[in-house]
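Welcome! Let's walk through a few labels used for this model and see what stands behind them.

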Amino acid sequence: MYGIGAVKAGTSWLFNYLEGHPECAMPPYKELRYFYMLENDHFEGQIKKVRELIADLKDSLETAPEDRKPMIQKRLNKTRHWLKVLREHRDDPAAYAAYMMNEANGAKLTADITPEYSMMPVARLKQMAGVVANTRFVYLLRDPLDRLWSNIRMNAWRKSKDPKAMRALALAEVDRILDGKSSPAFERSDYAHGLSALETAVPEGRRKVMFYENLFTDDSIRELCAFLGLSNHKAALDKRIHQGVPIKLDAARRSGLQKLLAPQYHAVEKRFQTLPARWQDNMARV
């Protein structure tokens with residue numbers, strides 16, 4: 001299964017859920033990003049990050065309690081194997097597929113949950129769909145304004161943990177967007193492209209779009225498991241992963257972002273009969 005986004009729309013929670021599902025075998029970390037690297041020739045940076053992760057895991061292995069060491073060792077082995085794929089077979093999707101199938105080790109499902117995949121062109125998504133015989137795509141959507149503001153706050157938090165500095169960084173990013181300047185967070189808001197490319201590249205029965213606002217219910221989890229061919233498994237519905245630091249967005253900036261995001265609201269609205277209440281509330285202000 002590919003989880004193709006969106007950023008700050010529940011993808012980490014989804015990975016955590018599947019990692020705890022008894023019929024799944026997940027890779028050592030959430031975002032393998034293989035096809036994003038293939039599309040953008042961006043392997044060296046990722047290889048460096050994987051090497052750093054291996055070093056961290058080795059340090060953890062030395063200091064961890066005995067009962068946690070087998071789990072850390074297993075993750076370390078998986079990560080080393082993935083590094084070998086990146087170093088020796090970077091341009092070979094078959095090697096990627098072999099790695100994923102090997103890590104699955106007979107499980108019903110394994111998954112690469114990389115939000116940047118929603119930005120991929122149709123040809124790349126078609127390639128992803130064909131690497132093995134049975135693939136599924138899950139695209140999680142969150143209210144565009146809420147998602148963008150959460151993404152901006154996350155980026156600011158990565159630069160500074162000081163509340164005042166973080167707020168200043170976040171609001172400065174909003175102002176850059178409103179001034180028409182380039183912003184990776186805003187680029188990741190393009191649901192119109194993500195949905196269109198997914199619909200063109202992947203047959204209807206192999207793709208599923210779900211709303212973040214409706215995700216954390218027993219009915220949604222049953223629906224998701226049925227789509228993925230899994231038995232229903234209890235989910236920690238009240239648990240949130242990487243929950244953002246709250247910062248108030250003033251009315252003027254909020255209104256400006258809503259206007260810029262209007263095409264995204266409309267692109268989703270025309271595809272679905274019913275939108276979550278949060279979407280309808282923000283759409284009414286566009």
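Q: Which residues of helix H14 are buried?
A: In helix H14, residues 262-269, they are Ala-262, Gln-264, Tyr-265, Ala-267 and Val-268. Buried means under 20% relative accessible area, exposed over 50%, and partly exposed in between (1.4 Å probe, protein chains only). Helices are DSSP runs of H or I with at least four residues, strands are runs of E with at least two, and both are numbered from the N terminus.

A quick note on the source: this is a predicted model, where local features need pLDDT of at least 70, side-chain atom pairs count only at pLDDT 80 or more, and totals for chains, interfaces and linings use all residues. Residues are numbered from 1 along each chain as its sequence is written, and side-chain values use heavy atoms, leaving out hydrogens and water.

Q: Why is Thr-79 called buried?
A: Its relative accessibility is 0%, and buried means under 20%, so Thr-79 counts as buried. Thr-79 is found in helix H4 (residues 69-88).

Q: What is Thr-79 in contact with, leaving aside its neighbours within four places in sequence?
A: Thr-79 touches Pro-28, Val-50, Leu-53, Ile-54 and Leu-57, where contact means heavy atoms within 4.5 Å.

Q: Why does His-242 count as exposed?
A: Exposed means over 50%; His-242 has 59% relative accessibility, so it counts as exposed. His-242 lies in the loop between helix H12 (218-228) and H13.
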